[in-house]
Amino acid sequence: MESCQDYDLWLRLALKYPIQYIDLSLLRGHIHSGKRISTDDEIRIKGIEHILSKYADYFNADHEAWYSRGSMLIPHYLNVFGRKKALALWVSCVKKCPGKISDNFKLLVMILSGNEL
């Protein structure tokens, strides 16, 4: 898996042990210039889709979690596959979490305009 290794680790930990949230910054990150995994749409798509598949039982039981990952795919789908496939994914996201009206509307505007927000 070239992408989402950190998310895979957190899911494996969370499925075995209780996770607590601390509202503090505990580390600093560095963003380097040049090509990165996080900016390659095709690699991101493969990573997120792998996570959705590997943890299908978890994501099928938790629509909010599925929506979080699924909606992250939309800009990448738009860039790689175009509006039609991005719109189909958006419909799936709306079906999972129809109450996220503001988020769903923003994603739809992004798809229809062809620009990331």
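The model is predicted, so every value here is computed from it. The protein has 117 residues, and its secondary structure comes to six helices and zero strands.

**The overall build**

- The C-alpha trace spans about 40 × 40 × 30 Å along its principal axes.
- Of the 117 residues, 32% count as buried.
- The accessible surface comes to about 8,300 Å², and 56% of that surface belongs to carbon and sulfur atoms.
- Take the contacts in the protein with a separation of 6 or more: residues 24 or more positions apart account for 65% of them.

**The salt bridges**

- How many salt bridges does the count come to? The count comes to three.
- Start with Asp-8 and Arg-12, which form a salt bridge whose closest N and O atoms are 3.2 Å apart.
- Is Asp-8 buried or exposed? Asp-8 counts as buried because its relative accessibility is 5%, and buried means under 20%.
- Arg-12, by contrast, counts as partly exposed at 43% relative accessibility.
- Asp-8 also meets the side chain of Lys-54 in a salt bridge, with 3.1 Å from N to O.
- Lys-54 lies in helix H2 and Asp-8 in helix H1, so this pair ties together parts that are 46 residues apart in sequence.
- Lys-54 is partly exposed, with a relative accessible area of 43%.
- The remaining bridge to look at joins Lys-100 and Glu-64, with the closest N and O atoms 3.3 Å apart.
- This pair links distant parts of the chain, 36 residues apart: Lys-100 sits in the loop between helix H5 (83-96) and helix H6 (101-113), while Glu-64 sits in helix H4 (residues 63-80).
- Lys-100 has a relative accessible area of 22%, so it is partly exposed.
- Glu-64 counts as partly exposed too, at 46% relative accessibility.
- Which residues do salt bridges with shared partners join into one network? They are Asp-8, Arg-12 and Lys-54.

**Two helices side by side**

- H5 and H6 pack at an angle of about 170 degrees, and their axes are 10 Å apart.
- Because angles over 145 degrees count as roughly antiparallel, H5 is described as roughly antiparallel to H6.
- On the H5 side, the contact is made by Arg-83, Ala-86, Leu-87, Trp-90 and Val-94.
- On the H6 side, the contact is made by Asn-104, Leu-107, Leu-108, Ile-111, Leu-112 and Ser-113.

- Which residues make the nonpolar surface patch of about 510 Å²? Leu-9, Trp-10, Leu-13, Tyr-17 and Ile-19 make this patch.
- Ile-19 is found in the loop between helix H1 (5-16) and helix H2 (41-54).
- Ile-19 is partly exposed, because its relative accessible area is 44%, which lies between the limits for buried (under 20%) and exposed (over 50%).
- Leu-26 is also in the loop between H1 and H2.
- At 66% relative accessibility, Leu-26 counts as exposed.
- Leu-26 and Leu-52 are 26 residues apart along the chain, and their C-alpha atoms are separated by 28 Å.

- Most residues other than glycine have a negative phi.
- Cys-4 has a positive phi of about 75 degrees although it is not a glycine.
- Where is Cys-4 placed? Cys-4 is in the segment before H1.
- Cys-4 counts as buried, with 5% relative accessibility.

Key: Residues are numbered from 1 along each chain as its sequence is written. This is a predicted model: local features need pLDDT of at least 70, side-chain atom pairs count only at pLDDT 80 or more; totals for chains, interfaces and linings use all residues. Side-chain values use heavy atoms; hydrogens and water are left out. Patches are made of residues with over 30% relative accessible area and no salt bridge: like charges are joined within 9 Å, nonpolar side chains (Val, Leu, Ile, Met, Phe, Trp, Tyr) within 5 Å. Accessible areas come from the Shrake-Rupley method with a 1.4 Å probe; for residues, only the protein chains shown count as cover. A salt bridge is a side-chain nitrogen of Lys or Arg within 4 Å of a carboxyl oxygen of Asp or Glu. Helices (H or I, at least four residues) and strands (E, at least two) are DSSP runs, numbered from the N terminus. Buried means under 20% relative accessible area, exposed over 50%, partly exposed in between (1.4 Å probe, protein chains only). Axes are lines fitted to C-alpha atoms, for helices over the stretch in contact, and angles run from 0 to 180 degrees between N-to-C directions. Angles under 35 degrees count as roughly parallel, over 145 as roughly antiparallel, 65 to 115 as roughly perpendicular and the rest as oblique. Contact means heavy atoms within 4.5 Å.
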